[in-house]
2 protein chains.
Amino acid sequence: MIGKLNHVAIAVNDLDAAVALYRDTLGATVSEAVEQPDHGVITVFVELPNTKIELLYPLGDNSPIQGFLNKNASGGIHHLCYEVEDIHAAKDKLVADGMRILGSGEPRIGAHGKPILFLHPKDFCGTLVELEEV
Amino acid sequence: MIGKLNHVAIAVNDLDAAVALYRDTLGATVSEAVEQPDHGVITVFVELPNTKIELLYPLGDNSPIQGFLNKNASGGIHHLCYEVEDIHAAKDKLVADGMRILGSGEPRIGAHGKPILFLHPKDFCGTLVELEEV
């Protein structure tokens, strides 16, 4: 079912410092920052040859990553995103296997404009997993 | 400096369950389990089209991941591994930029037989980073 690792998302407490770290110290190609008001985050992508690192910084008063950052003062890995061909088929298989889908349980449109689901970390080795239809 | 994301390592408390999850529920190709007595872990690789997930399970009484699992009962993402062409050049650049290298500060041979370094999570957005020379 799962295909490529689309990205690894890292929540950061200082976006400028994180960009400088990845661009200047680690020598990677880093995108411009993009505000995602519908998702409560600012995103920056670190472009690696085979996948991406998504740096996430809170935007607004109800950012979904603020709680994570309150618990992880240095920041940390927030989620992994795997690609799937058919998000509805993926959902049906996961539900049949007893896995918990976060939120309404139905796919919604994510920060990249594609249908996504988030899966419960306790069902996935303590890892928050996003599935994105590509 | 950094190239591909070589792998994402996930520490797990139940290796059989993690293998079944990635193989049967998520439909990925999963390697055999390999004991790494010199490194205190059993490793299983989930082969994705563009990178790998490394499942880590403790081996022996002094496994370097036991403390992490004690703090994270469901398991969790343990580290990210980026590829570099020259581990000594990478080390020199990181030290010049004030980054902390774990252990002796010198490259050692990792679980895949290649020279590696681990970098301090507090210097890297709360993320334990491994560099591997390829």
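Tutor: Partly exposed means between buried, under 20% relative accessible area, and exposed, over 50% (1.4 Å probe, protein chains only). This is a predicted model, in which local features need pLDDT of at least 70, side-chain atom pairs count only at pLDDT 80 or more, and totals for chains, interfaces and linings use all residues. Residues are numbered from 1 along each chain as its sequence is written, chains are lettered from A and ligands numbered from 1 in the order in which they are written, and side-chain values use heavy atoms, without hydrogens and water.

Student: Is Asp24(B) buried, partly exposed or exposed?

Tutor: The relative accessibility of Asp24(B) is 41%. Because that value lies between 20% and 50%, Asp24(B) counts as partly exposed.

Student: How far apart are the closest N and O atoms of Asp97(A) and Lys93(A)?

Tutor: Asp97(A) is partly exposed at 31%, and Lys93(A) is partly exposed at 33%. They form a salt bridge, with the closest N and O atoms apart by 3.1 Å.

Student: What is the relative accessible area of Lys93(B)?

Tutor: Lys93(B) meets Asp97(B) in a salt bridge of 3.1 Å, N to O. Asp97(B) is partly exposed, at 32%. Lys93(B) is partly exposed, with a relative accessible area of 32%.

Student: How many salt bridges does a search of the whole structure find?

Tutor: Over all chains, the search finds eight.

How values were computed. A salt bridge is a side-chain nitrogen of Lys or Arg within 4 Å of a carboxyl oxygen of Asp or Glu.
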